[in-house]
Amino acid sequence: MIVIDVLIGGVHQIRLRGDGVLLATPFGSTAYNRSAGGPVIPLQAKVLALTPIALADPLRWRGALLPFNRRVTFRVDMHAGGPAQVTADHLAGRPIREVTVSTDERRAVTLLFDPELDLNERQLLAQFSSEAEPALWFKHQLIEHRRSPNR
């Protein structure tokens with residue numbers, strides 16, 4: 001268990017005791033953030049999801065949506081809990097005491113996806129899927145949706 005102080009824009013907001021905390025963009029919100037109990041964010045929304053991971057008191061705080069341009073600092077209390085590690089996408093870091101995260105809209109990313117399945121539609125369907133193979137479920141749902149005479 002670790003203890004993390006969360007500062008938003010340099011102002012202390014909350015102290016968390018648990019396994020960790022996750023900060024997700026709209027694109028990252030359908031994966032680990034969703035499985036941690038966080039919201040799925042529409043792709044065009046300019047917000048970040050701040051989601052706790054296995055808090056000692058899970059009813060105390062369930063997370064927050066933050067403006068996309070806010071700087072978020074995570075400060076680990078090394079005296080109150082164990083060491084912490086920062087991970088960004090697939091890159092794992094070394095143990096940390098403090099890390100500040102901010103967005104950078106100057107970087108462009110090219111995404112590859114199924115041309116028959118719009119990303120916004122896929123994300124909407126992801127919120128209601130409990131299937132083991134969501135990609136197949138999405139495609140099936142989209143085909144059924146497009147065939148529906150009530151459209």
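Two strands count as paired if DSSP finds at least two bridges between them. With that in hand, here are some close-ups of this predicted model.

**View 1. Strand β5 and its pairing with β8.** β5 and strand β8 (residues 98-101) run antiparallel to each other and pair over four bridges. Within this pairing, Thr73 has Thr100 of β8 as its bridge partner. Strand β5 covers residues 72-76, and four of its five residues are buried.

**View 2. Strand β5 and its pairing with β1.** Strand β1 (residues 2-8) also pairs with β5, in the antiparallel sense and over five bridges. Here you can find Ile4 opposite Val76 in β5.

View 3. Glu98 and Arg75 meet through their side chains in a salt bridge, at 2.7 Å from N to O. Glu98 belongs to strand β8 and Arg75 to strand β5, so this contact ties together parts 23 residues apart in sequence. Both ends are partly exposed: Glu98 has 42% relative accessibility, and Arg75 has 36%.

**View 4. A network around Arg15.** Salt bridges with shared partners join Asp5, Arg15 and Asp77 into one network. The side chains of Asp5 and Arg15 come together at 2.9 Å, N to O; Asp5 sits in strand β1 and Arg15 in strand β2 (residues 11-24), ten residues apart. Arg15 also forms a salt bridge with Asp77, with the closest N and O atoms 2.8 Å apart. Because Asp77 lies in the loop between β5 and β6 (84-88), this pair ties β2 to a part 62 residues away in sequence. Asp5 is buried at 10% relative accessible area, as is Asp77 at 16%, while Arg15 is partly exposed at 35%.

Technical notes:
Residues are numbered from 1 along each chain as its sequence is written. This is a predicted model: local features need pLDDT of at least 70, side-chain atom pairs count only at pLDDT 80 or more; totals for chains, interfaces and linings use all residues. Side-chain values use heavy atoms; hydrogens and water are left out. Buried means under 20% relative accessible area, exposed over 50%, partly exposed in between (1.4 Å probe, protein chains only). Helices (H or I, at least four residues) and strands (E, at least two) are DSSP runs, numbered from the N terminus. A salt bridge is a side-chain nitrogen of Lys or Arg within 4 Å of a carboxyl oxygen of Asp or Glu.
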